[in-house]
Amino acid sequence: MLIDLPIGWVLVINIIAWFLIHMGISMFMLKVPDDYYERDNGWYDSFNWERNGQIWQRFLNIQSWKRFLPDSSSILPNAYNKKNLRTIDMPTIQKFIIETKRGEHTHWLSMLPAPLFFIWNPAWAGWLMIAYAFIANIPFIITQRYNRPRLRRLYKILSKKNKHQSEY
């Protein structure tokens, strides 16, 4: 701890700092153009061990809890509302895939500032802040990594369907 503060102030600063970190990174990431996420760089692909997201259902039963995670669109007006999809067509699914990448990226970045909390927190509280960063972000990352392969499969199905219909 570089700055010695009373515990009450530490608590207030921690709450404000996390709020500003989460909101600041989220608002910044909303400004990243969609075309950045349209490119495939491999990071957003399922790793072999994830089995196209199925590992998350098998070991964490993600279907039973993912709906309880808050959607950023309830806080940030420019965020994409993923919970109320009105249509299931190729552009909508493509946008949803982009937003899973944006969401995952946002939550990875939201964990990076956690070590800064050691500046004004005692060591035990700094480690608690790192634990908080993981607990608050990993469920969202897992959800994006679970949803994206499923959305990609749906996109391929729709693409084949559209191609087949255009042949007539």
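## Helix H4 and His107

His107 lies in helix H4, which covers residues 90-111. The structure described here is a predicted model. With a relative accessible area of 17%, His107 is buried, because buried means under 20%. When neighbours within four places in sequence are left aside, the contacts of His107 are Asn137, Phe140 and Ile141.

Helix H4 itself is made up of 22 residues. From the first C-alpha of H4 to the last, the span is 32 Å, close to the 32 Å expected at 1.5 Å a residue. Of the 22 residues of H4, 17 are buried, so this helix is largely enclosed by the rest of the structure.

## Asn14 in helix H1

Asn14 belongs to helix H1, a helix that runs over residues 7-30. Asn14 has a relative accessibility of 9% and therefore counts as buried. Apart from neighbours within four places in sequence, Asn14 is in contact with Phe117, Trp120, Asn121 and Met129.

## The largest pocket

The largest pocket holds about 830 Å³ of space. Its lining consists of 34 residues, and those nearest the centre of the pocket are Pro70, Asp71, Ser72, Lys82 and Phe140. Phe140 is also one of the residues in contact with His107.

## Aromatic pairs

A pair of aromatic rings is described by the distance of the centres and the angle of the planes. The whole structure contains 10 aromatic pairs. In one of them, the ring centres of Trp43 and Trp108 are 6.0 Å apart and the planes stand at 65 degrees; the pair is edge-to-face because the angle is over 60 degrees. This pair links distant parts of the chain, 65 residues apart: Trp43 is in the loop between helix H2 (34-38) and helix H3 (54-60), whereas Trp108 is in helix H4. Trp43 is partly exposed, with a relative accessible area of 40%, and Trp108 is partly exposed at 32%.

Phe47 and Trp49 form a stacked aromatic pair, with 6.2 Å from centre to centre and 5 degrees between the planes. Phe47 is partly exposed, its relative accessible area being 32%. One aromatic cluster is formed by Trp43, Phe47, Trp49, Trp56 and Trp108.

Methods: Residues are numbered from 1 along each chain as its sequence is written. This is a predicted model: local features need pLDDT of at least 70, side-chain atom pairs count only at pLDDT 80 or more; totals for chains, interfaces and linings use all residues. Side-chain values use heavy atoms; hydrogens and water are left out. Helices (H or I, at least four residues) and strands (E, at least two) are DSSP runs, numbered from the N terminus. Buried means under 20% relative accessible area, exposed over 50%, partly exposed in between (1.4 Å probe, protein chains only). Contact means heavy atoms within 4.5 Å. The expected span of a helix is 1.5 Å times one less than its number of residues. On a 1 Å grid over the protein atoms alone, a cavity is a set of points where a 1.4 Å probe fits but cannot get out, and a pocket is an open set with protein on both sides within 12 Å along at least five of seven lines; lining residues have an atom within 4 Å of a point. Grid points are joined across faces, edges and corners, and a volume is the space filled by probe spheres set on the points. Rings of Phe, Tyr and Trp (its six-membered ring) pair if their centres lie within 6.5 Å; planes under 30 degrees apart count as stacked, over 60 as edge-to-face and the rest as tilted.
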